[in-house]
Number of protein chains: 2
Amino acid sequence: MMETTVKKLKVSAIENGTVLDHIPANQLFKVINILNLTDCKNQVTFGTNLESKLLGKKAIIKIADRYFADEEINKIALVAPLTKINVIKNFEVVEKRVLSVPSEIIGFAKCSNPKCITNHQPVQTRFATVEDDGHLKLHCHFCEKMTDAEKVIILAKN
Amino acid sequence: MMETTVKKLKVSAIENGTVLDHIPANQLFKVINILNLTDCKNQVTFGTNLESKLLGKKAIIKIADRYFADEEINKIALVAPLTKINVIKNFEVVEKRVLSVPSEIIGFAKCSNPKCITNHQPVQTRFATVEDDGHLKLHCHFCEKMTDAEKVIILAKN
């Protein structure tokens, strides 16, 4: 039974770890950067532009033997709020994580105002999250500029 | 026979396209950026920190229905010269591509000299590739600084 399923998967099942599914394909590399997966030493598999009835094109990430704290995983809510996060043990889903949007976003999102001090001085970015007309936005603590969450640029780690 | 193989793969086989295997795990995201895969609309699957007898930890990329020109693929030789590139048709390897190091590297590698004009003005970077003591290096056309190819920073596309 399980073998039949595995054969059809583009990215194979993991024994233990975390699976992030239903990421909009155009947000995959933002999620990768938010979770610092470019530096991760665990086995990580990704697939993107996979067929999805829900999203059109989706991406998936499977990280072996790694589990995330709420603070880490909630950052994803900014760019991919509908991501389904499953915790896997012995090839079984043992927990479905629920994302909640953090009230403050500190240090990893870029302010879209080119004149903002955070784009010119070594000042950590800081935003409050606000919902505006059904869209999540970031309100800059320094310049008050509103940035659309789904278009936000993720700052590369130093 | 094929099914047995597929079941064991972390990233499943593709019917048609290009497979890049034996990428050193720490160079995966450089290869992704060099090939602009973050913007690619094709189905792409990746695995990293996979076991490799040859490299310790390797990464693999499979891009469905896409084939690369020599100029594109040769850029990889800078950061991952031992990458094995297979062209796949109907699940079979129909061609093994051989990488050759380009003599000039224009526009996608960053000069490691903080004072280089290319780090301050909108001037496209330009290097000659040179081999020095068995290591590939980039010789900056503007400031003459030598940058180790395997440590080079890949400039994000605008």
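Two strands count as paired if DSSP finds at least two bridges between them. Strands (E, at least two residues) and helices (H or I, at least four) are DSSP runs, numbered from the N terminus. With that in hand, here's a pair that crosses from one chain to the other: the bridge partner of Val44(A) is Thr48(B), in strand 2 of chain B.

A quick word on the ground rules. This is a predicted model, where local features need pLDDT of at least 70 and side-chain atom pairs count only at pLDDT 80 or more, while totals for chains, interfaces and linings use all residues. Residues are numbered from 1 along each chain as its sequence is written, chains are lettered from A and ligands numbered from 1 in the order in which they are written, and side-chain values use heavy atoms, leaving out hydrogens and water.

Now for the bigger picture. An open sheet of 10 strands runs in the order 5(A)-4(A)-1(A)-3(A)-2(A)-2(B)-3(B)-1(B)-4(B)-5(B), with antiparallel pairing. Strand 5 (92-97) of chain A and strand 5 (92-97) of chain B stand at the edges with a single partner strand each, so one side of each has no neighbour in the sheet.

| Strand pair | Sense | Bridges |
|---|---|---|
| Strand 2 of chain A and strand 2 (44-52) of chain B | antiparallel | 5 bridges |
| Strand 1 (17-24) and strand 4 (84-89) of chain B | antiparallel | 5 bridges |
| Strand 4 (84-89) and strand 5 of chain A | antiparallel | 5 bridges |

Zooming in on chain B, Thr18(B) has Val87(B) in strand 4 as its bridge partner. Over in chain A, Val87(A) is bridged to Glu95(A) in strand 5. The hairpin of strands 4 and 5 of chain A has 2 residues between the strands, and Asn90(A) takes a positive phi near 50° there.

**Where the chains meet**

Chain A and chain B each put 24 residues into the contact (heavy atoms within 4.5 Å). The area buried between them is about 2000 Å², with carbon and sulfur atoms giving 56%; buried area is the accessible area (1.4 Å probe) that two parts lose on being put together, summed over both.

On the chain A side, helix 1 (2-8), helix 2 (28-34) and strand 2 (44-52) are the elements giving two or more residues. Strand 2 of chain A provides the largest share, 8 residues.
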